Amino acid sequence: MAEENKSSLDALSALCKRRGFIYHSSEIYGGMPGFWDYGPLGCELKNNVKQAWWQFTVRGRQDVAGLDATIIMHPKIWKASGHLDTFADPMTMCKDCKKLMRADQINDIYAEQKKKPQPKAAGSDFFCPYCGGELTEPKPFNLMFKTVVGPIDDPANVAYMRPETAQAIFAQFQNVTATSRQSVPYGIAQMGKSFRNEVTPRNYTFRSREFEQMELEFFIRPDEAVELLHGKVATLADNPDLDGPVQDDWGWEVWHKYWVEQRKKFLNAVGLPTEHFVEYWQKPDELAHYARACVDIEYDFPFGRQELEGIAARGDFDLSQHQKWSGESQAVFDDPLKQACKKLSDEEKRAFVAKVQADWAKRGKDAAAAEKFCLDLFEGKYVPHVIEPSAGVDRLMLALLCEAYEEQKISDGKGGDDVRTVLHFSPKVAPIKVAIFPLVKKDEAQDRMAREIFEKLRKKVNCMWDVSGAIGRRYRRQDEAGTPWCITVDGQSVQDGTFTVRERDSMEQKRMTYHEFLAMMYGALEF
Ligand code: ATP
């Protein structure tokens, strides 16, 4: 890691503490590794990020419904999802200094050390990156936090804090389908807390033990159903228009790429330019056994290129697992499919079954299961497949803070140098949208007019009132908070009703009326 980058994270975290974005949790008791609190500016930023995601993913579309489920759910959910058996990281411990660490992160930790320790045992290439001591054999460590439900501390009452929000969406799939008047293809979205007992929480808020996720499960028809309905399945080779309206003949491959593009648009809209992140397409041997494709969107954090969010095509794995473990059908009835199948002759149906059996055989699936699947399709029944764009609120906030942070060298006006610290947030996520100042605080008319503007605007967006210090200092305070606009009421304002609007990034000042300002502000806030 470049020293310069490391110091920029140090400078950013110092600003975040000083200006009330992020604090250590329980700081007065020494803090807790992997737990962070958001202060006055941080919680505004967080709410804005979440609202932006909700607007973009749910309210701005007709094919996504929302859900807000509990954090603690029936423990069988985690058996069905595979988390109980496999949601584990390989953990190792140094026999000398007793430090715990993830075996798969040892090389990263070596790279971070200013001075690499020498192994204490000659010839060892797997040694403690802190003291050179001998490491224990890595053992899987399950990341779920356990708790007990009810007053009796008994293994039968053990439950888990959810390690992801997604499973609740699968568990409530039938309820939401029945009550939302949606039909496949459609999605269910949820935002909320997740908990992972990370072995080594690191890199500021990047890997925390308590964090928030924003997840969408977008349910689609299996490709075989699309083929029965449309006679063909559109793939990426057909060059589908991913910017236009979604199409009924899209197969999973197109839906997956569509959601990758949607997520990129969202990141652009909240202030991450496309050139600053990369799409990493997981290689076949990196994919989970049920996944057909997975793209990580990676961002160049000061501590290296790391996953910001992921978009996975998960087939029907999740709903099928819940169907198996709960005994409740997770199939949907698709009337257009049933109607299309009614038109098929017996011979056409037999040919279709044979084709599906041959396809499935290539993926090691048996012929009887393929036939049952086809017979259900002919009746308009199937378990939907899913595309999952899954993002972390805290990770996105950290990326937005890194992206926004700039230290500009400017003149102090007295022949010397000065540093202007600016957070160039997009107005859509900026914690404070407008700061309002009377130029001369003791001027009653200016103070009255500025207060009126402040009272009117704060009913619409988060505003800040500031009368202390010279106007230049007030601008600087807002630059550090990332406030896009500062309104100053001066002598002319009292005469003609206009005021100056100072724009954070260009530092230009323009005179505007209240309505001109509103139109400009709303234009910048809209998705
Ligand atoms: P990683 O490989 O970094 O541990 P992951 O692949 O396990 O992440 P997912 O399970 O796919 O992550 O979770 C989806 C998203 O949730 C991640 O892309 C990230 O934004 C966020 N996330 C996951 N774990 C954490 C964490 N410990 N702290 C903060 N955000 C997290």
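## Aromatic pairs

The structure, a predicted model, holds 26 aromatic pairs. One of them joins Tyr 186 and Phe 219: the ring centres lie 6.3 Å apart and the planes meet at 45°, so this pair is tilted. The two residues come from distant parts of the chain, with Tyr 186 in strand 9 (residues 186-195) and Phe 219 in strand 10 (residues 210-220), 33 residues apart. Tyr 186 is buried at a relative accessible area of 0%, and Phe 219 is likewise buried, at 0% relative accessibility.

Trp 485 and Phe 517 form an edge-to-face pair, with 5.9 Å from centre to centre and 90° between the planes. Trp 485 belongs to strand 21 (residues 485-489) and Phe 517 to helix 18 (residues 514-525), so this pair ties together parts that are 32 residues apart in sequence. Trp 485 counts as buried because its relative accessibility, 4%, falls under the 20% limit. Phe 517 is buried too, with a relative accessible area of 0%.

## Ring cluster and charges over rings

Ring pairs also connect Phe 218, Trp 250, Trp 255, Tyr 258 and Trp 259 into a cluster.

Two lysines are placed over tyrosine rings. Lys 99 lies over the face of Tyr 130, at 4.6 Å from the ring centre. The charged end of Lys 456 sits over the ring of Tyr 514, 4.1 Å from the centre of that ring.

Strand 9 and strand 10 run antiparallel and are joined by 10 bridges. Within this pairing, Gly 187 stands opposite Phe 218 of strand 10.

## Nonpolar cores

The largest nonpolar core has 65 residues, and those with the most contacts inside it are Phe 21, Val 49, Leu 272, Phe 301, Leu 401 and Phe 425. Helix 14 (residues 393-404) gives the most to this core, contributing nine residues. When residues up to four places away in sequence are not counted, Val 49 touches Met 214, Phe 266, Val 393, Leu 396, Met 397, Leu 400 and Val 429.

A second, separate core has 39 residues, including Leu 67, Met 144, Val 176 and Ala 331.

Strand 22 (residues 499-503) has four of its five residues buried, so it is largely enclosed by the rest of the structure. Four bridges join strand 22 to strand 21, and the two run antiparallel; here Thr 488 has Thr 500 as its bridge partner in strand 22.

Strand 22 is also joined to strand 23 (residues 509-512) by four bridges, again in the antiparallel sense. The bridge partner of Val 501 in strand 23 is Lys 510. Five residues lie between the strands in the hairpin of strand 22 and strand 23, where Met 507 takes a positive phi near 60°.

In helix 8 (residues 223-230), the buried residues are Glu 224, Ala 225, Val 226 and Leu 228. Among the elements that cover these buried residues are helix 11 (335-342), helix 12 (346-362), helix 13 (367-378) and strand 15 (381-382).

Another open sheet consists of three strands in the order 5-4-6, with antiparallel pairing. Strand 5 (100-102) and strand 6 (139-142) are the edge strands; each has a single partner strand, so one side of each is left without a neighbour in the sheet. Neighbouring strands of this sheet are turned by 50° against each other on average, with direction ignored.

Strand 4 (residues 88-93) pairs with strand 6 over four bridges in the antiparallel sense, and Asp 89 has Phe 141 of strand 6 as its bridge partner.

Note on methods
Residues numbered from 1 in each chain as written. Predicted model: local features only at pLDDT ≥ 70, side-chain atom pairs only at ≥ 80, totals over all residues. Heavy atoms only, no water. Phe/Tyr/Trp six-rings, centres within 6.5 Å; stacked < 30°, edge-to-face > 60°. Buried < 20%, exposed > 50% of the residue type's maximum accessible area, 1.4 Å probe, protein only. Lys NZ or Arg CZ within 6 Å of the ring centre and 35° of its normal. Pairing = 2+ DSSP bridges. Core = buried A, V, L, I, M, F, W, Y, C linked by side-chain atoms within 4.5 Å. Contact = heavy atoms within 4.5 Å. Axes fitted to C-alpha atoms, helices over the stretch in contact; angles between N-to-C directions.
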